[in-house]
Amino acid sequence: VNLAGLDFHPHDERTLVATMSGELDFSNAEAIRTALATAVSNQSLALVLDLTAVDYLDSAGIELLYRLRQDLRSRGQALHVVIPPDSASNAALRLAGVEHNLDVLPTLAAALAASAPPGADAGTVETG
Amino acid sequence: MELPPAPPLGVIPFVKRDEHLMTLAPGEILVLYTDGLVERRGIPIDESIQQLVSILHSAGTPEEACQLAVDLVPVEGLRDDMAIVALQNLLVPEVLELEPLAEPTVLADVRRLLRRWLQARGAADEVTREITMAVNEACANAIEHAYSPAPARFRLRATEDGGVATIVVTDAGHWRDPRGTNRGRGLTIMRSAMDEVTVRPTEDGTEIAMRRRVSR
């Protein structure tokens, strides 16, 4: 039984965006971690994991975020997690006492900005 | 609720369909069936639908509704295949007692039943959310502890007295110290979401009792 939905779309050649919905718990966390780690190609520099639409996150889901960050870091890749302050996921982080420890970003835009490598132009600049 | 008939499913692709919203009162049963059940040789379809409706009135449970419908099938069988789905809006019990299998896939159902029970006790959304998270962690603990070769079960009992909810989760596995940061976080979630958490060994396992004010 998969409670969660997972969609991938490349933002650019360096950054993959994964959007999750549904419920993330002890029953599916491990399968989701594998799916995420496998989806990130060697060419990618960063994975942006958007949990805005997730309506349940438990301690196994939080563990997934830590372990995925470690997995990716060991491959020289970064993980940027999007969790809005008023979301169910953030309530879980708060109760687990890791709200300020896990380094999450409030919006997808903020995560995409964070995933842009230093020195790169800051997205598309509208010029007159 | 009387509705105009719509074209059969799967006959015309991409046809736009009307949506209908209805409220099932607690205890009411909704029965869905395919036309195989009511298409009979020599009997007008309106008549067999009427017969079905009057028989279903005596059904008290979804299982009974399905059985009553199946009993209508004539001995010579049906011309078409049939499917029946019956669902009931269950009354929320005063005391919630569950004995789920100790498998991770039960967690989502436990959360749904608990949320409904908490809402019926008058718990605010935020309180419901936090208690649900705490109880989910206690259940995940019970599931991790159940390592018997036979299919094991754990117990959950939720009661409310004077606006305070008490939820007790009991398993048949012996308490081990939280392994790794994951279970440690589970305990942190329980303690920060609830007013009181006690973990104690029982004769054949571990009991986690949690309390929190839900109303007044």
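A salt bridge here is a side-chain nitrogen of Lys or Arg within 4 Å of a carboxyl oxygen of Asp or Glu. With that in hand, here are the close-ups; keep in mind that this is a predicted model.

**Figure 1. B:Glu196 and B:Arg211 pair up between two strands of chain B.** The closest N and O atoms of B:Glu196 and B:Arg211 sit 3.3 Å apart, which makes the pair a salt bridge because the cut-off is 4 Å. B:Glu196 belongs to strand β6 (residues 196–201) and B:Arg211 to strand β7 (residues 206–213), so the pair links distant parts of the chain, 15 residues apart. Neither end is tucked away: B:Glu196 is partly exposed at 38% relative accessible area, and B:Arg211 is partly exposed too, at 29%.

**Figure 2. B:Arg200 meets B:Glu207.** This is another salt bridge within chain B, with 3.1 Å from N to O. How exposed or buried are the two partners? B:Arg200 is partly exposed, its relative accessible area being 43%, whereas B:Glu207 counts as buried at 17%. Zoom out to the whole structure and the search turns up 19 salt bridges over all chains.

**Figure 3. Chain A in overview.** Chain A has four helices and four strands, and they come in the order β-β-α-β-α-β-α-α along the sequence. Of its 128 residues, 48% count as buried. Look at contacts with a separation of 6 or more in chain A, and 68% of them are between residues 24 or more positions apart. The accessible surface of chain A is about 6,200 Å², with 53% of that on carbon and sulfur atoms.

**Figure 4. Where chain B touches chain A.** On the chain B side 26 residues make contact, and on the chain A side 22 do. Together the two chains bury about 1,900 Å², with carbon and sulfur atoms accounting for 57%. Which three residues of chain B supply more of its buried area than any other three? They are B:Arg111, B:Met133 and B:Arg185, with 31% of the area that chain B buries against chain A. There are also eight residue pairs in polar contact between the chains. Helices α3 (107–120), α4 (125–145) and α5 (180–193) of chain B each bring at least two residues to the side that touches chain A. The biggest giver is α4(B), with ten residues. Sorted by class, that side of chain B has eight nonpolar, eight polar and ten charged residues.

**Figure 5. Charged pairs across the interface.** Side chains of opposite charge can pair when their charged atoms come close. Between chain B and chain A the rule picks out seven salt bridges. One of them joins B:Glu126 to A:Arg94, at 3.3 Å from N to O.

Figure 6. A:Glu23 sits in strand β2 (residues 15–24) of chain A. Why does A:Glu23 count as buried? Its relative accessibility is 8%, and buried means under 20%, so it falls on the buried side. B:Arg115 forms a salt bridge with A:Glu23, the closest N and O atoms being 3.8 Å apart. B:Arg115 is in helix α3 of chain B and A:Glu23 in strand β2 of chain A, so this pair joins two chains. Widen the view and you get a network of salt bridges linking A:Glu23, A:Asp25, B:Asp109, B:Arg111, B:Arg112 and B:Arg115.

**Figure 7. B:Asn136 between the chains' side chains and helix neighbours.** 

B:Asn136 is found in helix α4 of chain B. At 2% relative accessibility it counts as buried. Not counting residues up to four places away in sequence, B:Asn136 touches A:Tyr56 and A:Asp58 from chain A, plus B:Leu107 and B:Arg111 from chain B.

**Figure 8. A:Pro106 in its loop.** A:Pro106 lies in the loop between α3 (88–95) and α4 (108–115) of chain A. A:Pro106 is partly exposed, with a relative accessible area of 40%. Residues up to four places away in sequence aside, it touches A:Val82, A:Ile83, A:Pro84 and A:Pro85. A:Arg33 is 73 residues away along the chain, and 21 Å separates its C-alpha atom from that of A:Pro106.

Terms used: Residues numbered from 1 in each chain as written. Chains lettered and ligands numbered in written order. Predicted model: local features only at pLDDT ≥ 70, side-chain atom pairs only at ≥ 80, totals over all residues. Heavy atoms only, no water. Buried < 20%, exposed > 50% of the residue type's maximum accessible area, 1.4 Å probe, protein only. Contact = heavy atoms within 4.5 Å. Areas by Shrake-Rupley, 256 points an atom, 1.4 Å probe, with all protein chains shown as cover. Buried area = accessible area lost by both parts, 1.4 Å probe. Polar contact = N/O pair within 3.5 Å; in protein donor to acceptor, adjacent residues only side chain to side chain. Nonpolar A, V, L, I, M, F, W, Y, C, P; charged D, E, K, R; others polar.
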